[in-house]
Structure formats: C-alpha cells, structure tokens
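Me: Here is a model whose labels I would like to check one at a time. Please set each value against its cut-off.

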Amino acid sequence: MSDISAAIEEGAKKSGVLWLTLDRPRLAWHAWHDGAIYLVTGGGEQQLPGIEGLDTVQVILRSKDNGARLADFEAEVRVVDQAAEPEAVAALAKERLNAPDSEHLTDRWARESTVLKLTRR
C-alpha cells in the first residue's frame, strides 16, 4: 500500500468528515467502507450541489487530532445503486448521527437521496 493510500485510509477511518471542492469547499460527513468513501446527499441530508454530475472531485482529509492535512487527492465519483450495495449503505447509515428517522433511514435514502462512492484515481 502506498503512503498516500495509507493516509487516505487512516484519515477516512478516523474522521467522519472531509472537504470536497465543489462550487466552493464543502464539509461533508462520510463513511469508509471496503476501501472507499461513501457519502449521501439530498433528501434532507447534506447538500453537495452538482456532485452527482461530476466524474471526479478533489477530496481533502484532515487529522481528527490536530486538523493537519493528511491527504489531498482526486477521487472518482460514482452514484451507488443502493439496492445492489446494501452493506455500503448500512455502513453509511451507521455513521449518520441524530437522524430523525433512524429506523427508516435507508428507506428514505432510497426514495429521496443519492448515495455516492468516492475512490482515489
């Protein structure tokens, strides 16, 4: 595993937030699952304007301890078929804090939200 891959994995596992370069830098919560970053947008969740239409996005991971930049990388963006990747969606739902409808969260996401997978290019 390369140094950057190790830094990405460490940063994504230890911190539940990252920065994405979209229309402006945006803070987003996420989950690390099976070697990739998963996040959700829309439908009452965090708003990440335009990300669904992007092929790539710039990601910045910072240290949870001191805020230092751990990794800055370009990631491929892929919309997740939520029915085909239930383990990834469950891992993401587990990281969702203070959801008003935690029992039905994944059902709401299937109806109203977009789940995305980010992988380093």
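Me: Which residues make a nonpolar surface patch, and what is its area?

Reply: The model is predicted, so local features need pLDDT of at least 70 and side-chain atom pairs count only at pLDDT 80 or more, whereas totals for chains, interfaces and linings use all residues. Residues are numbered from 1 along each chain as its sequence is written, and side-chain values use heavy atoms, with hydrogens and water left out. The patch consists of Val17, Trp19 and Leu27 and covers about 260 Å². Patch members must have over 30% relative accessible area and no salt bridge; nonpolar side chains (Val, Leu, Ile, Met, Phe, Trp, Tyr) are joined within 5 Å, like charges within 9 Å. Areas come from the Shrake-Rupley method with a 1.4 Å probe, and for residues only the protein chains shown count as cover.

Me: Why is Trp19 called partly exposed?

Reply: Its relative accessibility is 34%. Buried means under 20% relative accessible area, exposed means over 50%, and partly exposed lies in between (1.4 Å probe, protein chains only). Trp19 therefore counts as partly exposed. This residue is found in strand E1; strands (E, at least two residues) and helices (H or I, at least four) are DSSP runs numbered from the N terminus.

Me: What makes a set of residues a nonpolar core, and which members of the largest one touch the most others?

Reply: A core is a set of buried Ala, Val, Leu, Ile, Met, Phe, Trp, Tyr and Cys residues joined through side-chain atoms within 4.5 Å. The largest has 20 residues, and Leu20, Val59 and Leu118 touch the most other members. At least two residues each come from helix H1 (3-14) and strands E1 (17-21), E4 (36-41), E5 (56-62), E6 (69-79) and E7 (114-120). E6 gives the largest share, four residues. A second, separate core has 14 residues, including Trp29, Val80, Leu92 and Leu105.

Me: What is Val59 in contact with, leaving aside its neighbours within four places in sequence?

Reply: Contact means heavy atoms within 4.5 Å. On that basis Val59 touches Leu18, Trp19, Leu20, Ala71, Asp72, Phe73, Ala75 and Leu118.

Me: Which strands does E7 pair with?

Reply: E6 and E7 run antiparallel and are joined by five bridges, with Val79 partnered by Leu116 in E7. E4 and E7 also run antiparallel, joined by five bridges; there the partner of Tyr38 is Lys117 in E7.

Me: Which residues of helix H2 are buried, and what covers them?

Reply: In H2 (residues 86-95) the buried residues are Ala88, Val89, Ala91, Leu92 and Ala93. Their cover includes strand E2 (25-29), strand E3 (31-33), E4, helix H3 (105-112) and E7.

Me: What parts of the chain does the pair of Glu45 and Arg96 link?

Reply: The two side chains meet in a salt bridge at 2.7 Å, N to O. The pair links distant parts of the chain: Glu45 is in the loop between E4 and E5, and Arg96 is in the loop between H2 and H3, 51 residues apart. Glu45 is at 6% relative accessibility and so counts as buried; Arg96, at 19%, also counts as buried.

Me: How do you know whether Glu85 is buried or exposed?

Reply: The relative accessibility of Glu85 is 18%, so this residue counts as buried. Glu85 is found in the loop between E6 and H2. Leaving aside neighbours within four places in sequence, Glu85 is in contact with Tyr38, Arg78 and Val80.

Technical notes: Two strands pair if DSSP finds at least two bridges between them. A salt bridge is a side-chain nitrogen of Lys or Arg within 4 Å of a carboxyl oxygen of Asp or Glu.
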